[in-house]
Every structure is written in C-alpha cells, then in structure tokens.
Amino acid sequence: MGKATQDLKNEHEAILFVLQILDKMLESSSSNVESALRYYGEVVYFLKIFADKCHHGKEENYLFKALVEKGITNEGGPVGVMLREHALGRNYISQMSRSQDEKNIEGFNNAAVLYRDLLRQHIDKENNVLFIMADKLINEQEQNILFQQFEQHEENVIGHGIHDKLHAMIDTWAEDFGVE
Ligand SMILES: [Fe+2]
Ligand SMILES: [Fe+2]
C-alpha cells in the first residue's frame, strides 16, 4: 500500500474506533442526560475537526484530485459518490451539533445513527475499492508527495496541541465506556 493511502486507512481505524464508542454512548444516553450531552459535545468536536476537516480534507483536496487527474470520473463516478457522502456526513454532523446545543437527545441520537451507518459503509468502499484503484494508478513517488501534502494539511488544520487533545479525549471515552 502507498504511503498516502496507508495514512488515510490508519485514520479510518481511528474513526471506526470512535464510532464503536459512539454506539455505547447512544445506548446509555437515556440513563444520564447531562453526562450524555457532555460526551456528545466532545464527539461533535472530534468529528468536525478530525473526521471532516482533517481526514475528508486530505481526501478532497489531494487524493481525489490526483485520482481525477488519472482519469477517474468525478461527476457520475466514484469520486463524485465519495464527495456526495462527505457532504451528507457534514449535514448529519450539523444536525448532531444543533441537537446537542438544544439538549435534544433524541434528535442527536437519530442523526448519530445515520452518520454512523453512512461512515461505516463509506470507509468500507474507500478501503476496498477506491484505495485499491489509487494504489494501482498513483506510483510510489506520487504517493510520497501526497503524504507530504497530508502532513502539511494536518499541521494547518490540527497542529500538535489539538492532535494530543483529541487522542487524550478518545482514551478517556474508551475507558469510560469500556471499549478496547
Ligand atoms: Fe471519504
Ligand atoms: Fe476516508
């Protein structure tokens, strides 16, 4: 696997791990509304910064553009499908964020289930279809350049301080909800 696609695959693992924790949060949300809302606020923060800005940003600004240059279709093709799913995911995150502000547990849970299901199948398609295509079309040298652009992008949108904060947040949730 190329360096760039491997980096995105590693981020998929982190996102899937958070979705596993989110499942537990959803299950226990009715028993303690105050604490559920606090966790939900943190989850929305993680999804906005890490899953959307950082990860989807790397895909949209660099990998997908490279694929289109190699002849993969955008409109009506695999890249277009991925972009539409990112946009849909953004809508769900907004709904989650709004519901969290309004202390609307049910609204949050409904949007979170839609987001979780969307992202799981989206990640599956990228790992098993799109990244396989990318590894065939983009050579090692080009993958290394993409990876450098990813590193720069990550530094711009996250930086070290927030990176550590996000990791610490995930560790705390994993412990609180018994997810390994
Ligand atoms: Fe994606
Ligand atoms: Fe992805």
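Me: To start, in which helix is the place of Gln149?
Reply: This is a predicted model. In it, Gln149 belongs to helix 5, which covers residues 140-157.

Me: How far apart are Gln149 and Lys58, in sequence and in space?
Reply: They are separated by 91 residues in sequence, while their C-alpha atoms are 8.1 Å apart.

Me: Changing topic: where does Glu11 lie, and is Glu11 buried or exposed?
Reply: Glu11 is in helix 1, residues 3-28. Glu11 is buried, with a relative accessible area of 6%.

Me: Which side chain does the side chain of Glu11 join in a polar contact?
Reply: That of His55, at 2.7 Å. Leaving aside residues up to four places away in sequence, Glu11 touches Phe50, Cys54, His55, Lys58 and Glu154.

Me: What about the axes of helix 1 and helix 2: at roughly what angle do they cross?
Reply: The axes cross at roughly 155 degrees and come within 11 Å, with helix 2 formed by residues 33-69. Helix 1 is therefore roughly antiparallel to helix 2. Their crossing is left-handed.

Me: Which residues meet there?
Reply: From helix 1, the residues include Glu11, Ile15, Val18 and Leu22, and from helix 2 they include Phe46, Phe50, His55 and Lys58. The residues of this contact comprise 15 nonpolar, two polar and four charged.

Terms used. Residues are numbered from 1 along each chain as its sequence is written. Chains are lettered from A and ligands numbered from 1 in the order in which they are written. This is a predicted model: local features need pLDDT of at least 70, side-chain atom pairs count only at pLDDT 80 or more; totals for chains, interfaces and linings use all residues. Side-chain values use heavy atoms; hydrogens and water are left out. Helices (H or I, at least four residues) and strands (E, at least two) are DSSP runs, numbered from the N terminus. Buried means under 20% relative accessible area, exposed over 50%, partly exposed in between (1.4 Å probe, protein chains only). A polar contact is a pair of N or O atoms within 3.5 Å; within protein, one must be able to donate a hydrogen and the other to accept it, and residues adjacent in sequence count only if both atoms are side-chain atoms. Contact means heavy atoms within 4.5 Å. Axes are lines fitted to C-alpha atoms, for helices over the stretch in contact, and angles run from 0 to 180 degrees between N-to-C directions. Angles under 35 degrees count as roughly parallel, over 145 as roughly antiparallel, 65 to 115 as roughly perpendicular and the rest as oblique. A crossing is left-handed if the near helix is turned anticlockwise from the far one by less than a right angle, and right-handed if clockwise. Ala, Val, Leu, Ile, Met, Phe, Trp, Tyr, Cys and Pro count as nonpolar, Asp, Glu, Lys and Arg as charged, and the others, Gly among them, as polar.
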